[in-house]
Amino acid sequence: NIETATKNCSVSLAKNGEIIAIKELNNGNYSHAEVLHPFIVDILKEADLTSKDIDAVAVSKGPGSYTGLRIGVSAAKGLCFAYDKPLISIDTLTSLSYNISLDKGYIIPMIDARRMEVYAAIYDENHKQIREIKAEIIDENSYSEYLEKSKVYFLGDGSQKCKEIIKHKNAVFIDYKFPSAKEMAQLSFDKYKKNDIENVAYFEPFYLKDFVVIPEKKKKPIF
């Protein structure tokens, strides 16, 4: 299981949905390019396995950091191509929602999308998605229809900006929760059992928004 959608670089090895090895680093930077491959080598060594021994590769598909997602998906595809293994994709926000368990209420996992924007979806207490993923700008009225009905639990690195703006009594903010390869383990095993796999050659991350490069202003020629 490979998770690189946010600043948390996370890799786990699981058997029948149970974690047998995991390595993570969240140092506030996007260090995935430096640490992802060493993490993969380390957890295989810890479990006394080789890449040939694994049955499938799962990757967090987004939304999230454009660069982070590309690094994770490229690594996952490389393993699948090299060892002829199936590729499984896991929705990043669904995985993030499994960081908490509820008896009642709504779960809104969110990923920071710069400025006052977040990538978010809404789940019920059973982790069933009840509203699609959106890129949305946060204001004091955001999610009011859910906050009026029940407790709403916000988590993920996008929840901090909500904490400053949404002051409803039913709003609960869970700090320091990030998408992790730990929560991916059961989700990927469930998909593996159903043979719910991706086309390795054509699979692309779910960016939600296009990556935009703002070109520098062209200098006027001097005659």
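Glu-132 pairs with Lys-134 in a salt bridge whose closest N and O atoms are 3.9 Å apart. A salt bridge here is a side-chain nitrogen of Lys or Arg within 4 Å of a carboxyl oxygen of Asp or Glu. The model is a predicted one: local features need pLDDT of at least 70, side-chain atom pairs count only at pLDDT 80 or more, and totals for chains, interfaces and linings use all residues. Residues are numbered from 1 along each chain as its sequence is written, and side-chain values use heavy atoms, with hydrogens and water left out.

**Salt bridges**

Side chains of opposite charge can pair when their charged atoms come close. The structure holds eight salt bridges, and the table gives three of them, including the one between Glu-132 and Lys-134.

| Salt bridge | N to O distance |
|---|---|
| Glu-136 and Arg-131 | 2.9 Å |
| Glu-132 and Lys-134 | 3.9 Å |
| Lys-193 and Asp-190 | 3.8 Å |

Glu-136 counts as buried because its relative accessibility is 16%. In the second pair, Glu-132 is partly exposed at 45%, and Lys-134 is partly exposed at 34%. Lys-193 and Asp-190 are three residues apart in helix α6, so about one helical turn separates them. Helices (H or I, at least four residues) and strands (E, at least two) are DSSP runs, numbered from the N terminus.

**Cysteines**

How many disulfides does the structure hold? There are zero, a disulfide being a pair of cysteine sulfur atoms within 2.5 Å. Cys-9 is in no disulfide, and the nearest cysteine sulfur, that of Cys-80, is 17 Å away. Seen from Cys-80, the closest cysteine sulfur is in Cys-9, and 17 Å is too far for a bond. Cys-9 is buried, at 0% relative accessibility, and Cys-80 is buried at 3%.

**Pockets**

Rolling a probe the size of a water molecule over the atoms shows where empty space is left. The search uses a 1 Å grid over the protein atoms alone; a pocket is an open set of points where a 1.4 Å probe fits, with protein on both sides within 12 Å along at least five of seven lines, and lining residues have an atom within 4 Å of a point. Grid points are joined across faces, edges and corners, and a volume is the space filled by probe spheres set on the points.

The largest pocket has about 830 Å³ of space. It is lined by 30 residues, of which Tyr-30, Ser-65, Asp-112, Ala-113 and Arg-114 are the closest to its centre. The elements α2 (66-83), β6 (106-112), β7 (117-123) and α5 each give two or more residues to this lining. By class, the lining has twelve nonpolar, eight polar and ten charged residues. Ala, Val, Leu, Ile, Met, Phe, Trp, Tyr, Cys and Pro count as nonpolar, Asp, Glu, Lys and Arg as charged, and the others, Gly among them, as polar.

The second largest pocket has a volume of about 570 Å³. Among its 27 lining residues, those closest to the centre are Leu-13, Ala-14, Ile-54, Asp-55 and Ala-56. At least two residues of the lining come from each of β2 (9-15), α1 (32-46), β4 (57-62) and α6 (181-193). The largest share, five residues, is that of β2. This lining divides into 18 nonpolar, six polar and three charged residues.

**Two single residues**

Ser-159 lies in helix α5 (residues 159-163). With 1% relative accessibility, Ser-159 is buried. Contact means heavy atoms within 4.5 Å. Not counting residues up to four places away in sequence, Ser-159 touches Met-110, Phe-154, Phe-173 and Ile-174.

Gly-17 sits in the loop between β2 and β3 (18-25) and is buried, at 12% relative accessibility. Leaving aside neighbours within four places in sequence, Gly-17 is in contact with Ala-185, Gln-186 and Phe-189. The C-alpha atoms of Gly-17 and Gly-68 are separated by 24 Å, and the two residues are 51 residues apart along the chain.

Technical notes. Buried < 20%, exposed > 50% of the residue type's maximum accessible area, 1.4 Å probe, protein only.
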